[in-house]
Amino acid sequence: MEQLKYNNLTHSSSPYLRQHADNPVAWQEYSNSLIEEIKAQKKPILLSSGYSSCHWCHVMAAEAFSDPETALFLNEHFICIKLDREQHPDIDHFLMEFIVALHGQGGWPLNVFLSSDFKPFYATTYLPAVETNHANSFISILRKIQAWYQENQNFIEPFDSQAASIPRTNLATLIDEIGLNLDLVQGGTRNKPKFPPHSLLFLILSNPVLFRNHLDWAEMTLKKMIFSGLHDSIEGGFFRYCVDEKWEIPHFEKMLYDQAMMLTNLSLGYHLFEKEYFKEALSKLLLFLKQRLSSIKGYYSALDADTNHHEGETYLWQLNELKAALSKEQYDQFQEEYRLIPFEGKYHLIKKASSATTSIESILKDIRIEREQPFRDEKIITSWNALLAIAYLFSARYADNQEGYSEALSIFENLLSNHCSSEGTILHSQFEGTVQNRGTLEDISSLLLLGTYLYEDRLVELSQLEELYQEMSKFKLNGHWVESFDSAAGVIYASWFDHPIPSSASTAMAAEIRYLILQEKGDLPEIALSRAHFSDFANHFALQSYQELELYKSPNKINWKTLPVKAMQKQSSESLRCTNNKCTSWTGKTVNF
C-alpha cells in the first residue's frame with residue numbers, strides 16, 4: 001500500500017491529527033477500514049491516541065515524532081496510526097483499559113503497540129526523543145519492541161474489553177465513605193493533581209438533605225475553585241486542573257465538558273448557598289462560552305493549554321505589563337485584590353475575593369484579546385454539547401439565566417438535525433461541516449438525558465424521546481452497557497468511572513431511569529449504589545430509582561426554586577406529589593431543600 005509510506009494527516013477530519021501532519025512519521029488516520037486493509041502487511045502497529053489541547057501530546061510531537069532517526073525507524077518497522085481520542089472515545093477507552101491492565105495507570109499521549117491483527121502487547125505514554133535521567137528514549141524502546149515482536153508475534157494473546165461493574169455499597173456506608181477522601185482545608189479531594197470533583201459535587205448538591213454533613217465542604221470547594229488558579233477571572237471559564245494542592249498553578253487547557261459541569265454545579269451552589277460570587281463566576285462563564293466556544297452549529301470542544309509551544313503564554317503577565325496597563329491607583333487596587341503566582345518567569349493572576357474590579361478586569365481582558373490566542377479545537381461533540389445544554393437548563397432553573405431554556409432547546413434541535421443519520425443513529429461529532437459517520441453510547445445517552453430535562457420544562461414532548469430511548473437500548477448486551485459494537489477491537493464495554501465527567505454507563509443509566517420515571521410505565525430497575533468517588537454521578541440517579549424519588553405533577557410548570565433540588569416534575573391534569581410509587585394531593589406550597 002503506497003499510502004503507508006507517507007504522512008496522510010494534512011486533510012484529516014481531526015484538528016489534533018492535523019497538528020501531526022508535519023511529522024516525518026508516516027502517520028495514517030485511524031479507521032476501521034484501515035485496520036482491515038493493513039492486516040496483510042504483517043507489521044506491528046503503533047496506535048497513538050491524544051487530543052488537540054494535550055500539552056504532552058504537543059511535546060512528543062515536537063520531540064520524538066519530529067526526530068528523523070526515530071521517524072525512519074518507525075516508518076521501516078511499524079504501521080503508524082494516529083487517533084483523536086475525542087473522535088473515537090470507544091477505541092481510546094479500549095487502549096486505556098489495556099495500559100491500565102499492563103501498568104496500573106495511563107495518560108496521553110497514549111502509545112499502544114499492537115499486532116497486525118489488532119492484539120495489543122505493549123503500551124507507554126510520553127517518552128523523550130533523547131534518554132534522560134528519568135526516562136528511556138522512545139527509539140530505544142522501539143528497538144526492543146521490534147526485536148521482541150519478531151520473536152513473539154505468533155504468541156500474542158487477545159485482549160478483550162471487559163464488562164465493567166461498579167463497586168457496590170449501601171447508603172449509610174456511602175455517606176460515611178464520601179468524607180474519607182475530602183480535603184477539608186483546600187477543598188476538592190486529597191488527590192494531586194487537583195481536578196474539580198464535578199460528579200461528587202453534583203451528587204451532594206442534588207441531595208443536600210441526605211448529604212448535609214458534606215454541604216460545608218461542597219460550598220468551600222466551589223468557593224476555592226472560584227478564587228483560585230483554576231478560574232480565569234479575567235475572561236471567565238475554568239481550566240482543566242491544577243498541578244498543586246492549593247489550586248494555584250493550572251494546566252491551562254479549557255475543555256467544554258469542564259465548563260458544562262462547572263455551570264451546573266455553580267447554578268446549584270448559588271441556589272443553595274445564595275452567595276453572590278457564585279453568580280458572578282457563573283455570569284463570566286456564560287459570557288466566555290458565548291464569546292469563545294459558541295458557533296451556529298454548536299459549541300466547540302476546547303482551547304489549547306499552549307500558545308506558541310509555551311504553556312499558558314496567553315494568560316500570563318509580566319509585572320511591567322501590569323504597571324503599564326493600569327494607573328497607579330488602579331495598580332494599587334489590583335494588588336489588594338489579586339495574588340500573583342510565579343510560573344515560568346511570569347505571573348498567573350488569582351483573584352482574592354469578590355469585588356467591584358470590573359474596569360481593571362476589562363482593561364486586562366482587552367490586552368489579552370490582542371495577544372496570540374491558544375489553538376481552538378472546533379470539533380462539535382454531541383455528548384459534550386448535550387452536557388452543556390443540561391447545564392444551561394440548570395442555570396435557568398436555579399440562577400435566573402432565563403436564556404438558558406432557549407439555548408438548551410437550540411442545542412438539542414441542532415444535534416437532532418445535524419448529528420442524526422437517516423437510520424436514526426446519533427452521530428458522535430462534526431468538524432468543518434463533515435459529520436463523523438458513527439455513534440457511541442455516550443452520544444445517544446447524553447442526548448436522551450438532555451431530552452428528559454427539556455421535557456420537564458415543557459420544551460419537548462415525551463413522545464419525541466421514545467425513538468431516542470429505543471436507539472439507546474441497542475447499546476445493551478447481556479445486561480451491560482456497551483460503548484460500541486463496530487470498532488476494530490470488537491465489543492467495547494462502557495465505563496462506570498465518573499471522572500472527570502459522567503461516564504457513558506452512568507449517563508445511560510441516568511437517562512433510562514429518568515425516562516422510565518416520566519413515562520410511569522411499570523417498576524423501575526433497582527440500581528446498586530457505587531462506593532464513593534467512583535460512580536458519583538450514577539449514584540444520584542440510583543438513589544432516585546428506589547428510595548429518594550420525588551415526582552411532582554401539575555397542570556402548570558412549577559417554579560424549580562420551590563421544589564427539592566432532587567425533584568422531578570411532569571405535566572398532569574391534577575397536582576400530585578409522588579414518592580415510593582404512592583401519589584398524594586399536593587397543595588403547591590414551598591418545599592424544603
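**Close-up 1. The salt bridge between K553 and E520.** K553 pairs with E520 in a salt bridge (a side-chain nitrogen of Lys or Arg within 4 Å of a carboxyl oxygen of Asp or Glu), with the closest N and O atoms 2.5 Å apart. The two residues join distant parts of the chain, 33 residues apart. K553 sits in strand β25 (residues 551-554), and E520 in the loop between α19 (504-519) and β24 (529-530). Helices (H or I, at least four residues) and strands (E, at least two) are DSSP runs, numbered from the N terminus. K553 has 10% relative accessibility, so it counts as buried. E520, at 40%, counts as partly exposed. Buried means under 20% relative accessible area, exposed over 50%, and partly exposed in between (1.4 Å probe, protein chains only).

The model is predicted: local features need pLDDT of at least 70, side-chain atom pairs count only at pLDDT 80 or more, and totals for chains, interfaces and linings use all residues. Residues are numbered from 1 along each chain as its sequence is written, and side-chain values use heavy atoms, with hydrogens and water left out.

**Close-up 2. The salt bridge between K328 and D332 in helix α13.** K328 and D332 both belong to helix α13 (residues 328-337). They are 4 residues apart, about one turn of the helix. The closest N and O atoms of this salt bridge are 3.1 Å apart. K328 counts as exposed because its relative accessibility is 65%. D332 has 33%, so it counts as partly exposed.

Close-up 3. The structure holds 38 salt bridges. In the one between E235 and R368, the closest N and O atoms are 3.2 Å apart. This pair links distant parts of the chain, 133 residues apart. E235 lies in the loop between α9 (215-226) and β7 (241-242), while R368 lies in helix α14 (residues 358-370). Both E235 and R368 are buried. A network of salt bridges links D232, E235, K254, R292 and R368.

**Close-up 4. S484 in strand β22.** S484 is part of strand β22 (residues 480-487). Its relative accessible area is 1%, so S484 is buried. The side chains of S484 and D90 are joined by a polar contact of 2.7 Å. A polar contact is a pair of N or O atoms within 3.5 Å; within protein, one must be able to donate a hydrogen and the other to accept it, and residues adjacent in sequence count only if both atoms are side-chain atoms. Leaving out residues up to four places away in sequence, S484 touches D90, R438, G490, V491 and I492. Contact means heavy atoms within 4.5 Å.

**Close-up 5. The nonpolar cores.** The largest nonpolar core has 159 residues. Such a core is a set of buried Ala, Val, Leu, Ile, Met, Phe, Trp, Tyr and Cys residues joined through side-chain atoms within 4.5 Å. F138, L266 and W481 have the most contacts inside it. Helix α15 (residues 382-399) gives the largest share of this core, 13 residues. A second, separate core of 23 residues includes I38, I81, L83 and L114.
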